[in-house]
Amino acid sequence: MPHITITSDLPGIRGLMTDHPESAAPLNAVADALLRGPSPLSRGERELIATYVSELNRTRFCSDTHGAAAAAQLDGGADLVKAVQTDVRSASLSPLLRALLNVAAEVQAQAAPVADETIAAARAEGATDGHIHDTVLIAAAFCMYNRYVSGLATALPTEPGYYEEAGRRITSHGYARAV
């Protein structure tokens with residue numbers, strides 16, 4: 001049961017955004033810029049970072065929604081996403097993406113500088129300033145989004161196929177129209 005009244009029957013952040021359009025517009029604009037704007041990371045890779053951070057935060061709605069968007073855009077699809085969600089160490093990832101997920105995990109774990117060794121490891125795999133910047137910002141933003149969704153105890157979807165449809169909607173239209 002959500003901690004606040006949500007008048008729509010939409011689950012997760014979608015219900016919050018429908019009821020609170022004044023915060024929805026800037027939150028969707030940030031998500032659109034981070035996950036769909038210019039970046040050295042592909043859209044699918046950025047969705048995978050969002051999924052991984054959401055999984056670490058145990059925010060099922062965000063992890064599965066962004067996982068579906070990542071699966072729609074990455075080779076390996078849903079199997080790759082599930083591997084990252086369950087045991088990132090055994091997932092079939094490029095060395096660069098694995099190193100960037102390590103950066104994201106440190107951002108998720110605490111509000112402190114990412115360890116020099118973690119950054120050095122990412123750079124050794126080819127990470128540029130752009131890769132590191134975008135990874136840290138996506139991880140930090142998804143900590144906020146996850147806390148918004150989980151902190152208010154929003155509902156999970158009940159209809160089968162919800163996440164796959166959400167992944168298709170996000171992939172096709174982005175976040176500005178994701179509500």
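**A tour of the largest pocket and helix 5**

Start with helix 4 (60-73), helix 5 (77-87) and helix 9 (162-173): each gives at least two residues to the lining of the largest pocket. Helices here are DSSP runs (H or I, at least four residues), numbered from the N terminus. A pocket is an open set of points on a 1 Å grid over the protein atoms alone, where a 1.4 Å probe fits, with protein on both sides within 12 Å along at least five of seven lines; lining residues have an atom within 4 Å of a point.

The model is predicted: local features need pLDDT of at least 70, side-chain atom pairs count only at pLDDT 80 or more, and totals for chains, interfaces and linings use all residues. Residues are numbered from 1 along each chain as its sequence is written, and side-chain values use heavy atoms, without hydrogens and water.

Next, select S63, D64, G67, A68, A71, A78, V81, K82, Q85, Y163 and E164, which line the largest pocket. Helix 4 supplies the largest share, five residues.

G77, L80, V81, V84 and Q85 are buried (under 20% relative accessible area, exposed being over 50%, with a 1.4 Å probe and protein chains only). Seen down the helix 5 axis, the buried residues fall within an arc of 135°, so they line one face; the arc is that of the directions from the axis to the C-beta atoms. Turn to the face away from the buried side: A78, D79 and T86 are exposed there.

Finish at L93. Beyond its neighbours within four places in sequence, L93 is in contact (heavy atoms within 4.5 Å) with L48, L80, V84, V88, R98 and L101.
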